[in-house]
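Subject: Handing over the two-chain model

Hi there,

Here is the structure I promised to pass on to you. Have a look at it first, and then read my notes below.

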Amino acid sequence: MDVRLTSEQQALRYSVAQVVDRLGPGTVRDLDDGERAAKLDAAVDASGWRELRVPLEGRAPLASGVETAVVAEELGRGLADTPFLGPTLAAELRRLAGAPPAGTNETVAFTGSLAAAAVVGPGAPPGTIAPDARGATAALVLVPHGSGHALASVPLGPTRPGTDLTRPGAVVEPGPAVPVELPDSRPLADDDLSTWTALGLSLDCADLVGVMRGAVDLAVGYACARRQFDRPIGSFQAVQHLLADAFVLMEGSRSVALHAAWSVDALEPGDALAAAAVAKAYCARAARTVCETAIQVHGGIGNTWECLAHVFLRRALLSTDVLGGVGTSLDRVVAHHGIGGDRGLR
Amino acid sequence: MDFGDAPEEAEFRHRLRTWLDVHNPGLPASSTDDEYWSGQAAWHQSLYDGGFFGVTWQTSIGGQGLPSVYDVIVDDELAAAGAPPRPSLGYLVEGILEHADDDVQARFLPGIVNGRDRWCQGFSEPDAGSDLASLRTRADRDGDEFVITGHKVWTSYSDDAEWCLVLARTDHEVARHKGISAFALPMRQSGVEQRPLPMINGITKEFGEVLFDGARVPAANMIGRSGEGWPLAMTIVSHEREPHELGYAGRYAKQVKDLVARVSADTGGYRAEQVRDLAWAIVESEMLGLHVRRRLSDRLDGIVHGPEGSVDKLLMTWTEQAVGHAALSIGGARATGPDDTLLKVYLYSRAQSVMGGTSQIQRNLVASRILGLPAS
């Protein structure tokens with residue numbers, strides 16, 4: 001038992017941090033700077049971070065859930081407006097199905113609530129959307145196939161501004177779903193989808209931890225700089241206790257999120273999913289509180305568009321919704337422990 | 001990064017699991033039943049003699065010199081077997097290790113670790129709670145001894161203890177933090193009066209107050225130098241904030257396991273919000289266990305405890321109180337029949353945000369020492 005990041009994992013984290021600190025949005029206005037965003041996207045593209053779940057040989061991924069989560073956390077901290085979750089989850093679906101890597105930029109389509117991957121018949125149902133779709137022209141969906149699911153590709157419309165200002169989504173265009181060739185004709189089994197969901201939830205949690213770190217840093221900086229009653233507002237105990245609670249929530253979240261990320265490849269799929277559900281319930285509840293605290297500490301400014309605090313909150317809200325937030329995750333915990341009868345089995 | 005067991009860790013885990021099949025004493029839940037304390041000393045000794053208590057301390061004081069993460073394995077397995085948690089006294093050991101000279105360490109630490117000597121901690125006083133440095137208990141030199149006069153409260157296990165680690169003022173002329181010394185004081189003497197303080201959940205054996213009226217302690221029992229009482233107290237309370245020092249992750253896991261067993265045996269008998277309260281207790285309890293793994297892994301770098309103990313204390317408190325709320329939700333405020341254990345679990349949980357430094361004090365420490373916020 002040694003849950004420290006290895007030196008390679010620390011080096012990876014440092015590399016991602018360097019890129020987002022240099023090219024990520026430092027202000028709300030930076031979000032409109034297309035030249036900067038293109039540079040960030042190019043840097044992430046060149047890094048290969050979006051290919052960490054591509055199979056290396058056989059079916060094993062290039063990197064484990066831990067490395068993938070390390071990248072997600074730093075991208076979340078830096079509000080990186082470049083795709084990561086979508087393409088990583090698309091690559092994971094292809095890996096699990098034994099399908100060849102996508103030729104174009106690809107993401108995954110979800111049900112309208114974002115709580116599950118979209119399952120389609122002949123075409124995608126209305127309201128099927130792909131979050132984190134910047135630069136993607138197609139999204140993967142699931143198609144019932146025997147006792148499991150096959151993969152198909154659906155075309156995406158242009159991205160539209162949504163809740164998360166850093167990761168716009170796109171609506172699936174009407175039209176037929178094009179089957180993805182599976183060379184060994186092996187559809188995705190329930191266990192595969194548990195692994196996939198566990199990875200997705202782990203990346204959500206890592207992103208939420210990063211967002212919390214970023215939001216706490218922002219709020220602490222403001223509390224030290226902003227003066228009222230001739231002293232920094234961060235010297236008032238009422239403000240200090242808000243920020244202390246936020247920091248502690250972030251630390252607890254990091255512990256569960258790391259475990260979820262490790263579980264993806266180390267535990268049986270059902271146990272990995274249970275670990276991810278515990279982490280998601282904890283991180284999603286914590287992240288909303290932490291981001292709300294960041295807005296509160298900023299006072300009036302925190303309620304204006306120009307303050308980054310709401311950009312953190314908005315990013316947290318999307319990461320919360322993808323694959324289910326607090327309620328869905330608690331239902332999974334209930335089902336795993338057999339304490340809900342039929343009630344928790346959703 | 002690996003949350004799983006290395007081969008030698010798996011072997012230790014297996015050995016403990018096998019041992020517990022035979023040696024689980026089946027005590028009632030800790031802190032909810034006076035019966036627990038009457039069996040606690042025997043449990044400590046049994047666990048130690050089995051080779052499963054104090055394993056991470058050095059061999060010179062009775063430990064086994066194993067890495068800190070072995071305590072996680074002990075907590076896991078005790079909870080899984082429904083056994084009582086580890087005795088909570090690591091903070092005393094750490095304080096004495098850091099501040100006492102070799103003679104005092106050799107005389108006292110083995111007995112604390114192996115459970116043959118029972119200890120309590122005389123810190124708080126009626127007028128010195130969060131503001132501990134205002135304590136007024138005095139130690140006056142008389143030949144080779146000190147004479148102790150004063151009043152201590154919130155003294156856990158004082159009725160059972162043979163020894164008290166007492167803080168007393170030895171110098172009234174210097175700044176208040178600098179005039180305090182610490183002693184290992186024998187409790188079984190005239191001049192020491194112990195009174196139980198019944199807690200809000202009705203238990204009487206855990207909590208007490210102690211009056212010292214001319215109690216005597218040899219000067220050779222001073223722990224650390226004269227005037228070193230304050231830094232020693234800070235060492236102890238900082239360890240007292242660490243869930244792994246207390247074995248509390250295992251305590252909560254056991255309580256959660258008991259609640260899960262109760263509800264899963266009758267899933268139709270509980271409403272959705274009761275199940276949800278229990279689900280949160282599961283989430284919090286698992287979080288704390290994982291958090292402890294992360295903290296103890298950090299120690300492999302040689303990182304010693306610091307202000308992050310306050311982070312852990314708050315996480316531990318939130319966990320205990322979530323478990324307490326689940327116990328209240330599942331058990332109901334009106335105990336059905338003679339078993340009101342769950343109500344007692346709930347009521348006891350209110351103490352966690354006070355003992356070892358209030359949650360408000362912990363937040364002050366996080367704000368100033370971790371976040372670097374300006375002094376108020």
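What radius of gyration would a compact globule with 346 residues have, and what does chain A have? The globule would come out near 20 Å, and chain A has 20 Å, so the two agree. The radius is taken over C-alpha atoms, and the globule rule is 2.2 Å times the number of residues to the power 0.38.

Before the rest, a word on conventions. This is a predicted model, in which local features need pLDDT of at least 70 and side-chain atom pairs count only at pLDDT 80 or more, while totals for chains, interfaces and linings use all residues. Residues are numbered from 1 along each chain as its sequence is written, chains are lettered from A and ligands numbered from 1 in the order in which they are written, and side-chain values use heavy atoms, with hydrogens and water left out.

The two chains

Chain A has 10 helices and 10 strands, and its C-alpha trace spans about 70 × 50 × 40 Å along the principal axes. Helices (H or I, at least four residues) and strands (E, at least two) are DSSP runs, numbered from the N terminus. For chain B, the secondary structure comes to 12 helices and eight strands, and the C-alpha trace spans about 70 × 50 × 50 Å along its principal axes. Chain B also agrees with the globule rule: 376 residues would give a radius of gyration near 21 Å, and chain B has 21 Å.

Where chain A meets chain B

In this interface, 48 residues from chain A and 53 residues from chain B are in contact (heavy atoms within 4.5 Å). Between them the chains bury about 4,600 Å², 69% of it on carbon and sulfur atoms. Buried area here is the accessible area (1.4 Å probe) that two parts lose on being put together, summed over both.

The interface holds three salt bridges, a salt bridge being a side-chain nitrogen of Lys or Arg within 4 Å of a carboxyl oxygen of Asp or Glu. A salt bridge joins the side chains of B:Glu284 and A:Arg285, at 2.6 Å from N to O.

On the side of chain A that touches chain B, the elements giving two or more residues are α5 (190-225), β10 (231-232), α6 (237-266), α7 (269-297) and α10 (326-337) of chain A. Of these, α6(A) gives the most, with 17 residues. The residues on this side divide into 25 nonpolar, 15 polar and eight charged. Here Ala, Val, Leu, Ile, Met, Phe, Trp, Tyr, Cys and Pro count as nonpolar, Asp, Glu, Lys and Arg as charged, and the others, Gly among them, as polar.

Inside chain B

An automatic or database domain assignment gives chain B domain 1 (7-96), domain 2 (119-227) and domain 3 (236-370). The C-alpha centres of domain 1 and domain 2 of chain B lie 28 Å apart, and their contact takes nine residues from domain 1 and 10 residues from domain 2. These two domains of chain B bury about 970 Å² between them, 61% of it on carbon and sulfur atoms. B:Asp34, B:Trp37 and B:Leu92 supply 57% of the area that domain 1 buries against domain 2, more than any other three residues.

A link within chain A

Over all chains, the count comes to 48 salt bridges. One of them pairs A:Arg254 with A:Glu73, the closest N and O atoms being 2.4 Å apart. This pair links distant parts of the chain, 181 residues apart: A:Arg254 is in helix α6 of chain A and A:Glu73 in helix α3 (residues 65-77) of chain A.

Enjoy exploring the model!

Best wishes
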